[in-house]
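Student: I would like to learn how to read charged and aromatic side-chain pairs in a model. Can we take them in turn, beginning with the charged ones?

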Amino acid sequence: STPGLAAAPSTPKPASLLTPSPVGTAPSARKGEALGAEDRALVDRLDTVALCLARLFLDKPDKLRAFPVLIPEVFVSRMKLGAPLRKRLHTLLGFDSRLEYLIAENDDLVNALFFWHHKVLPLFRKDYVDQAYRSLNGAVLTIDGQELHLYSAFLKFLLRINERAGGGDPDEIASRTKEVLDQFEREPEQQQFLLSVFKRLDARSHERPEDFDEIKLTMLTDVAANGVYTMRSVKGMALCEKAMTTLLQGYIDKHEPLEWSSLFKEAAKVSYMLKYMFRESLPLAKSKFLDFVTSKDNFKKMPNATETQELLRKLVQDTIASYGQVGIFDPAALATLDFLNQPMQLVDLVRESMTRPSREAKKDMQLLTEITAKWMEYMVDQKFPPLTPHHTQAFVVLMMARFYKTIQAQVESRASGKSVKGLFKNKFAPKAFVAQMSTGEGKSIVIAMLAIFMVRLYDLKVHVLENNEGLLMRDFATNKPFYD
């Protein structure tokens with residue numbers, strides 16, 4: 001009676017159930033010989049016994065447990081990988097086809113006693129998976145022609161981590177694993193996010209499994225939820241999506257799992273800031289400036305309208321020509337860097353742009369790039385993201401500097417009494433350039449960079465005026481290390 005066999009304390013040693021004859025007389029053929037008919041029949045009977053015990057166990061895994069008692073001996077002697085009996089067992093188990101590779105490629109799982117627990121084994125069987133985890137089981141990501149099936153990969157990951165954390169207790173392993181699977185089953189968007197970072201997560205768990213000892217794996221749903229929110233905020237911006245994916249993958253690679261929840265929560269704020277770096281369109285910024293200075297309607301109420309428009313048109317055109325086709329850095333190159341985890345990568349990218357052949361003859365852009373790199377280093381030292389100026393901010397700095405150069409040439413021309421081509425005619429003699437910027441558009445960075453720009457480019461002494469003493473002291477204290 002199999003039930004009696006499984007329950008009786010005096011059950012024979014497991015190996016004896018499947019050993020065909022005394023040691024030294026087993027019906028195994030010597031090399032070059034075949035088994036005799038009787039020996040072959042005995043082997044067949046023993047195979048049948050092993051399969052019957054497996055069938056009984058699968059019918060009532062919580063009661064008829066003779067088959068698990070035989071592990072791992074049964075897989076060493078009778079059900080080796082590739083053997084016909086092993087294939088029959090696979091069929092008997094009724095695995096989902098996408099999970100069968102987990103026991104068809106090696107014996108790691110089948111030799112683990114928790115695998116045969118009545119609460120764990122159903123997690124692999126098609127009928128149960130279809131009922132409990134249909135959504136997870138359908139989540140797939142194809143990368144470079146390779147398909148990543150989330151349910152099978154994630155199940156294997158959870159069992160491996162929970163076996164370590166649960167001390168080998170099958171009930172504890174099953175409970176922890178099902179809790180996480182149940183949470184993700186209800187959240188298709190979180191499943192897709194998990195797919196996007198899973199290879200990093202799995203690699204981390206193999207390299208340093210001890211890092212997962214102090215956490216509850218249910219926190220992965222919080223991580224995924226914040227990941228979904230973050231990526232949703234930059235959806236449709238390909239370069240920004242790529243940069244944020246690199247950032248989040250970097251969190252998994254380089255930070256302790258205990259930090260992941262807070263880091264992924266903060267990532268949503270980073271994405272808000274970052275999307276403005278990538279959302280900026282240089283062609284759009286250029287067209288807005290050019291459209292304004294080419295429309296006579298914007299100048300018709302001004303004194304010296306024709307001269308004013310011509311001055312601004314030339315300043316804008318010269319600034320745009322100097323700024324070039326990509327500006328201070330190439331956004332496409334930015335998206336390939338993990339600069340939010342390693343901010344100096346972005347500083348280095350900006351510095352490298354100074355060596356472009358197209359920039360060698362542009363003294364103003366060389367200086368603007370140098371000042372930008374110094375500003376970014378200062379921001380890194382202050383533990384802030386190293387943001388570069390917006391295109392419009394850079395335009396303002398360059399136009400103001402060019403305006404001063406024009407005024408300087410005018411003064412020198414009149415002092416010498418010589419006429420210089422391109423200077424103002426008649427009595428038109430502008431002496432000031434005013435840039436109006438709304439709250440939050442970056443006056444502080446423009447003022448700080450312009451001040452240094454004028455000192456370095458024209459050897460001037462620059463005064464910064466502020467009508468609010470509180471803001472004056474704040475910005476002075478903020479920018480003094482940068483000026484120094």
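Student: Is Glu256 buried, exposed or partly exposed?

Tutor: Buried means under 20% relative accessible area, exposed over 50%, and partly exposed in between, with a 1.4 Å probe and protein chains only. Glu256 has a relative accessible area of 30%, so Glu256 is partly exposed. Keep in mind that this is a predicted model, where local features need pLDDT of at least 70, side-chain atom pairs count only at pLDDT 80 or more, and totals for chains, interfaces and linings use all residues. Residues are numbered from 1 along each chain as its sequence is written, and side-chain values use heavy atoms, with hydrogens and water left out.

Student: Which side chain does Glu256 meet in a salt bridge?

Tutor: Side chains of opposite charge can pair when their charged atoms come close. The cut-off for a salt bridge is a side-chain nitrogen of Lys or Arg within 4 Å of a carboxyl oxygen of Asp or Glu. Glu256 meets Arg204 at 3.9 Å, N to O. The two are 52 residues apart: Glu256 is in the loop between helix H14 (238-254) and helix H15 (257-279), and Arg204 is in helix H12. Helices here are DSSP runs (H or I, at least four residues), numbered from the N terminus. Arg204 has 4% relative accessibility and therefore counts as buried.

Student: Which residues are linked with Arg204 and Glu256 in a network of salt bridges?

Tutor: The network also takes in Arg208, Glu210 and Asp211. The structure holds 23 salt bridges. Another one joins Arg160 and Asp202, with the closest N and O atoms 3.2 Å apart. This pair links helix H10 to helix H12 across 42 residues.

Student: How many aromatic pairs does a search of the whole structure find?

Tutor: A pair of aromatic rings is described by the distance of the centres and the angle of the planes. Rings of Phe, Tyr and Trp (its six-membered ring) pair if their centres lie within 6.5 Å; planes under 30 degrees apart count as stacked, over 60 as edge-to-face and the rest as tilted. The search finds 27 pairs. One of them is Phe95 with Phe124, stacked at 5.3 Å centre to centre and 15 degrees between the planes. Both Phe95 and Phe124 are buried. For Phe482 and Tyr483, the centres are 6.3 Å apart and the planes at 35 degrees, so that pair is tilted.

Student: Which residues form one aromatic cluster with Phe95 and Phe124?

Tutor: The cluster also holds Phe57, Phe67, Phe75, Phe115 and Trp116.
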